[in-house]
Structure formats: structure tokens, C-alpha cells
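Here is a brief report on one protein chain. Look over the sequence and the fold before reading on.

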Amino acid sequence: MPTKLLIFAVTINAVIGQLFLKRALAALGGAAAVANFPKFILAAAKSPWIYSSIAIQGFGYVLWMIVVSRVKLGVATASTGAGFYLLSALAAWAIYGESLSSLQWLGICFVTIGVICVSLSPA
């Protein structure tokens, strides 16, 4: 599989894993549920959303090992991060209705542009 496609797969995988984790935490009661940590851990241990998130992120870790074996770590991290910051915010907005201010979107765009520059610059 081409390295660029692997980097894209890792990025999408990370976003989906975080979306599943967010769904799991909402189903468990969100921040209020975490206040009673022992009860929260027991509930999380029974959550199919938690297990799904772990499975997705575990698969992403395997993909990540392949990427890191092919590309410099700094470049791999920047390449994945560029998409992750932007796609996470867009997915959270589209799926969970989360909103960010114009200044926050501007910051995400600047970070994304910065990490793209890191990943594109010659070694």
C-alpha cells in the first residue's frame, strides 16, 4: 500500500476512534459520570462503544507502525496531524453539532498549514 494512502488511513482511523470514544463517553454520562470514577470504570468496561474505540485505535496503531517504518517520525506525525486536526473538528461539528469560534477555526487552519509545510519540506 502506498505510504500516502497509509498516512490517510491512519488519520481517518484516528478520527473515527475519537468519534467512537466521544459517543461512548456521552452514553456513559459524560463529565458527570467521571466524577464517580470507580463506577465510571465499571460502566466503561461494559460499553461496546469503548471496545469499538479501542479496536479501531488498535488497528490504527498497527497502520502507524507501518507508516513509521517507512517515513521519518517527525514527517509522519506532521502529515497525520495536519489531517487529524481539521477532520476531527469537522467531524465533531457534523456528527455531534459541536461548534468552534472563527478564531478557533483560524488556529486549526494555521496549525494544519504549518504541519503540511513540515511534511512537504525536503529532508
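## Helix α1

The buried residues of α1 pack against α2 (30-34), α3 (37-44), α4 and α5. Contact here means heavy atoms within 4.5 Å. Buried means under 20% relative accessible area, exposed over 50%, and partly exposed in between, with a 1.4 Å probe and protein chains only. The buried set in α1 is L6, I7, V10, T11, N13, V15, G17, L19, A24 and L28.

α1 holds 26 residues. From first C-alpha to last, α1 reaches 37 Å, close to the 38 Å expected at 1.5 Å a residue. The expected span is 1.5 Å times one less than the number of residues. G29 follows α1 and has a positive phi, near 115°.

## Model and numbering

This is a predicted model: local features need pLDDT of at least 70, side-chain atom pairs count only at pLDDT 80 or more, and totals for chains, interfaces and linings use all residues. Residues are numbered from 1 along each chain as its sequence is written, and side-chain values use heavy atoms, with hydrogens and water left out.

## Overall fold

The protein chain has 6 helices and 0 strands. Its pattern along the sequence is α-α-α-α-α-α. Helices (H or I, at least four residues) and strands (E, at least two) are DSSP runs, numbered from the N terminus.

The C-alpha trace spans about 50 × 35 × 20 Å along its principal axes. Of the 123 residues, 27% count as buried. Among contacts with a separation of 6 or more, 73% come from residues 24 or more positions apart.

## Largest pocket

Rolling a probe the size of a water molecule over the atoms shows where empty space is left. The search uses a 1 Å grid over the protein atoms alone. A pocket is an open set of points where a 1.4 Å probe fits, with protein on both sides within 12 Å along at least five of seven lines. Lining residues have an atom within 4 Å of a point. Grid points are joined across faces, edges and corners, and a volume is the space filled by probe spheres set on the points.

The largest pocket has a volume of about 270 Å³. Its lining is K4, I7, F8, T11, V75, S79, A82, G83, L87, I116, S119 and L120. Two or more of these residues come from each of α1 (3-28), α5 (73-96) and α6 (102-120). α5 gives the most, with 5 residues. By class, the lining has 7 nonpolar, 4 polar and 1 charged residues. Ala, Val, Leu, Ile, Met, Phe, Trp, Tyr, Cys and Pro count as nonpolar, Asp, Glu, Lys and Arg as charged, and the others, Gly among them, as polar.

## S79

Is S79 buried or exposed? S79 is buried, because its relative accessible area is 17%. S79 lies in helix α5. Leaving out residues up to four places away in sequence, S79 touches I7, T11 and S119.

## Second largest pocket

The second largest pocket has a volume of about 200 Å³. V10, N13, A14, Q18, Q57, G60, Y61, W64, T77 and T80 line this pocket. α1, α4 (48-70) and α5 each give two or more residues to the lining. The classes are 4 nonpolar, 6 polar and no charged residues.

## Aromatic pairs

Rings of Phe, Tyr and Trp (its six-membered ring) pair if their centres lie within 6.5 Å; planes under 30 degrees apart count as stacked, over 60 as edge-to-face and the rest as tilted. The count comes to 3 aromatic pairs. The rings of F84 and Y85 have centres 6.4 Å apart and planes at 65°, so this pair is edge-to-face. F84 is partly exposed at 24% relative accessibility. Y85 is also partly exposed, at 39%.
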